Amino acid sequence: MQRLSLIAFFVLTAAVNDSIAAETKQPAADFSKIQPVLENYCYGCHGYGAEEGGVVLDTLHENPQASHETWLAVWRNLRAQTMPPSDEEQPSTEEREMVGRWIQSNIFKLDPQNPDPGRVTIRRLNRDEYRYTIEDLFGYRYKVDENFPPDDTGYGFDTIGDVLSMSPLMTEKYFDAAQEIVKTVVPIDDKQGTMYKRVFFDGPPPEGEKEREEYARKILKHFSSKAFRRPVEEETLNRLVGIQQHISSLPNRTFEHGIAQAFAAILISPQFLFRAEIQPEPNNPGKVVNVDEYALASRLSYFLWSSLPDDELSKLASEGKLRENLDAQIDRMIDDPKSERFVRRFVGQWLQAQDVESLSIDARRALGLRDLGESFRIFSRTVRQSMREETEMLFDYILKENRPVGELLTADYTFLNEPLAKFYGLEGIKDLDRNRMKKVDLPKDSNRGGILTQGTFLVVTSNPTRTSPVKRGLFILDNILGTPPPPAPPDVPALEEVRQRGKRLTMREQLELHASESLCKSCHSRMDPLGLALEKFTYIGQFEDEDDVETAGKLITGEEFTSVKQLSQILANERKVDFYRCLTEKMLTYALGRGLEYYDTPTVDIVVDDMLAKDGKLRDMIHTIVKSAPFQKRRGDGDLLSSAN
């Protein structure tokens, strides 16, 4: 299904919310009270004939639906305090909130007390989900990286339903995979092996024909219900039993051969390959319902384990008791070793930690070496892997210990082994193992601390032979503050092309010259100060304390800093609401399998408000996300969507 236009979503959401008697705690003001705020702070650049950035605000209220995207931009900029610019007079908090409530209520017709859960796209299992599902179903790890093409991504993640399509090639791959898997998980001859006992849990098949059919039905009901993530329908089970009986009746075929081919049929079934959910009125976009408990169990298990529900989740769902035991189950799942899948996959995509081991980097210039082999020995595969593990283990520790998420930015501890500590120049830390990472306290005068000073971030935001303040600044805007700038205009010259009469310029001077064009200035004024704060870290993540490298700067919102450690403190404290909101949006996107839309704003606000009340603790945040309307509920699609396209 193609992604709907914003206006189409506006029409849909209006239809949904008009049917709800929305009563908010702070009703929105009418436009007569909003207009003076816009006149005081906005119209000077965006009204009365001024069209800075091509944005005109003084006539927007005359046609709210047509100006939907502009109002969305106004709303986001007000919330992030990126407009008006920090050197201009600023509206008060009350004025910002008043305009925001007016936009939320009058333009988007949203009810903060009844957030729209949004649409649900049926989605195929991605490669990792397929691998882990097969592993948890049969105890066998199928090599998906060798046999399946890479999954497409959307909004930064590979869980997005709209891009997880089923091509003819993937169909063939799934057929081949099913046959390869059943050859291993259904042993024909070795009746004493662990795999045989896992499938044939009551022992070898009995002799009687009726008893064999009952045993086949028992095996297939057990595995198909687990694979389909809900009780198998009787008609489907009868077909599977029929396949087993037919195959086993052929010459030179056995009971086990029949089970194997019935398993293959399970593995190519859409009920296994796709995560679909039952809805009473799927074509009624005004019908909002809780997903049933089997679907909730699947949403929860694929969020935190990237796999199917285990027996405990399935049992609670079958008894209708999962929702009433949700907190205990979330904690159990986070504490389970399988939650490492969530940590690695979410952190790997949100912070791009999964890329640090594979990026093409020529470390010779940073190390001052000519010998390529020697540079590989220093900036080794072990060091790169340890960088990834350092980032993952920090996130995992904060999650398991329910620490504030701000520690991701400001932690005075990290996770190291001997090779990584040596590479970082932290050789004063004792009792480090060569092969095992451990939590260590950083020296008080250390220039390390938090994800912005970890090798993963520093490497993935650099170029192959030099640092990139622009990439580093953009990364922070996009993944920490959640306020990415618009795409660069066409034909902008690369930084390498910026010269001034042959003079060798510092990185700061190059960026200032590069951003001197009016088209570039507005975006670079947001990105460059953030990236330049990290300029003492090389493109391979080592620290060089050079006196001529200036790291001081100022956020577009006005906060000043002199170093990356001060910047990290500002991001975690003064700008913590932006960080909370950004992390919430990233995690909801990963969990829901869709990009967030304007109607998700009330949900994001609920999560952020809860984080503010609970000191931003990460485990608590996940509890709130799981209990949110988009995670717990769904609404129908229907003709209104297609007609609005």
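## Exercises on burial and cavities

Buried residues, those under 20% relative accessible area with a 1.4 Å probe and protein chains only, make up 52% of the 645 residues in the protein. This is a predicted model, in which local features need pLDDT of at least 70 and side-chain atom pairs count only at pLDDT 80 or more, while totals for chains, interfaces and linings use all residues. Residues are numbered from 1 along each chain as its sequence is written, and side-chain values use heavy atoms, with hydrogens and water left out.

**Exercise 1.** Determine how many helices and strands the protein has, and what share of its contacts join residues at least 24 apart.

*Solution.* Begin with the DSSP runs, where helices (H or I) need at least four residues and strands (E) at least two, numbered from the N terminus; the protein has 32 helices and eight strands. Then take the contacts (heavy atoms within 4.5 Å) between residues at least 6 apart in sequence, of which 70% join residues at least 24 apart.

**Exercise 2.** Describe the second largest cavity by its volume, its lining and the classes of its residues.

*Solution.* A cavity is a set of points, on a 1 Å grid over the protein atoms alone, where a 1.4 Å probe fits but cannot get out, and lining residues have an atom within 4 Å of a point. The volume is the space filled by probe spheres set on the points, which are joined across faces, edges and corners, and for the second largest cavity this comes to about 100 Å³. The residues that line this cavity include Leu477, Leu481, Arg526, Leu530, Arg575 and Asp578, and the elements giving two or more residues to the lining are helix H24 (469-481) and helix H26 (518-532). By class, the lining has six nonpolar, three polar and three charged residues, where Asp, Glu, Lys and Arg count as charged, Ala, Val, Leu, Ile, Met, Phe, Trp, Tyr, Cys and Pro as nonpolar, and the others, Gly among them, as polar.

Technical notes:
1 Å grid on protein atoms, 1.4 Å probe; cavity = no way out; pocket = protein on both sides within 12 Å on 5 of 7 lines; lining within 4 Å. Buried < 20%, exposed > 50% of the residue type's maximum accessible area, 1.4 Å probe, protein only.
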